[in-house]
Every structure is written in structure tokens, then in C-alpha cells.
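The following exercises ask the reader to derive structural features step by step.

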Amino acid sequence: MTSLLRHCCSFDRVVRDALLLGVFWVVLLTLCLTTWPANAASEPQRIYRCGLTYTNQPDPAVNCKPLASGSVTVIEGTRVQGPQAVPPTVNASGGSAKVDSTEQRQRDAQAQTVLQAELQKAQRQYAELLREWHNGEPERRADEHRQPQKYQDRVAQLRSALQRTEADVAGLQRELSRLAVPASSGAKP
């Protein structure tokens, strides 16, 4: 009876081992078959240098040499501008040619108009921020009553936005005053 029991246990072990080996071979075969096409496709192609160009399809008419390393990075340069790019004219003293005074006045007027528009926009934004700022105590929003940190973050953002906008307004006013001074001093009495 014991020999029969031993025989059955060893038979179970043999069957289990055979099944495990069978599964192993099936898994191994499946992996080989699924990765084989990927490995074949990922082989590096031979790259050739034909003059100043790099290609994987060499031209028999051109003397193409195979490269030792498989990776080549080609970065296109900037294109040379043709005759449409007109260089500024240079006078005898080495500086740029002067612009006609009427054209310069038109440019200054256009610049002043743009600066005025930007100044008005910045002043409107500054007034809106001041209204929201409410003397350092902006109104709390619904979610800020329960989360005081959120309110403090918004107050800090408002303060920095006010400072930025105030600096923008001051800069635009400086530029406008700089444009206005040469125009008035250029006139003869």
C-alpha cells in the first residue's frame, strides 16, 4: 500500500513538473515569436555619407562612405536672406543714414500714440486693481471664509499686481515725457 502511495505521489510530482515545463516552453516560445519581428525591425540601418548629405540609401553615382556610428543628427542652419533684405545705408562717418525729419516726426507721433494707448490701458487696470484692493482689505470670497490662507495668497497677489502695474504706469509716463522733450526743444525761437 505504501509503495502504491509513493508511486501516486511521485506520479503527481512528475505530472506537475511536466506541466510546468510545458508551460515554460509555451511561454518561452510565445515570447520568442512576439519579440522576433520587433528585434528585426529595430536593427540599426547602415548610414552613408554622400558628400554633404547623410542617407540610408546610397547613390551609386556618388562616392558614398558608410559611417561607423549608426546615429547621425543633422541640424538645419538658418537660411540666407536673398535680395529682399535691404541693409541700412551707411554715411561717410560710419553711422547709419539719417531719416528725413518729416518721417521722423511721423514715427515719433505714432510711437506717442501707441504709448498713450498703453498708458491708458495700464491706468484702467491700476484703477480696477485699486478698487479690488479696497485699502488693503479686499472683500472675502465665499471659499476664503473657511480657508484664510487662500485669502492671504490672494491679497499678496493683488499687492504684487498693484506694484507691477504702478511700475508700468511710471515707465510709460517716463517714455512719454522723453518723447515730448526733444520735440519741443527742437523748435527754433
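The model is predicted, so local features are taken only at pLDDT of at least 70 and side-chain atom pairs only at pLDDT 80 or more, while totals for chains, interfaces and linings use all residues. Residues are numbered from 1 along each chain as its sequence is written, and side-chain values use heavy atoms, with hydrogens and water left out.

**Exercise 1. Confidence and overall layout**

Determine the mean pLDDT of the chain and the pattern of its elements along the sequence.

Solution. Begin with pLDDT, the predictor's confidence in each residue, from 0 to 100. Its mean over the chain is 76, and 62% of the residues reach 70 or more. Where pLDDT is low, the predicted coordinates should not be read in detail.

Next, list the elements: helices (H or I, at least four residues) and strands (E, at least two) are DSSP runs, numbered from the N terminus. There are 4 helices and 3 strands, arranged in sequence as α-β-β-β-α-α-α.

Finally, consider burial, where buried means under 20% relative accessible area, exposed over 50%, and partly exposed in between (1.4 Å probe, protein chains only). Of the 189 residues, 12% count as buried.

**Exercise 2. The sheet**

In which order do the strands form the sheet, and which strands are at its edges?

Solution. Two strands pair if DSSP finds at least two bridges between them. The order is E2-E1-E3, in an open sheet with antiparallel pairing. The edges are therefore E2 (53-55) and E3 (64-66), since each pairs on one side only. Strand E1 (residues 48-50) pairs with E2 over 3 bridges, and arginine 49 stands opposite tyrosine 54 in E2. On average, neighbouring strands are turned by 30 degrees against each other, direction ignored; the axes are lines fitted to C-alpha atoms, for helices over the stretch in contact, with angles from 0 to 180 degrees between N-to-C directions.

**Exercise 3. The disulfide**

Identify which cysteines form the disulfide and explain which parts the pair ties together.

Solution. The criterion is a pair of cysteine sulfur atoms within 2.5 Å. The structure holds 1 disulfide: cysteine 50 is joined to cysteine 64, with an S to S distance of 1.9 Å. Because cysteine 50 lies in strand E1 and cysteine 64 in strand E3, the pair ties together parts that are 14 residues apart in sequence. The link is right-handed, with 115 degrees about the S-S bond. Both cysteine 50 and cysteine 64 are buried.

**Exercise 4. A loop residue**

Is glutamine 57 buried or exposed?

Solution. Glutamine 57 is located in the loop between E2 and E3. Its relative accessibility is 62%, so glutamine 57 counts as exposed. Its C-alpha is 7.8 Å from that of isoleucine 47, which is 10 residues away in sequence.
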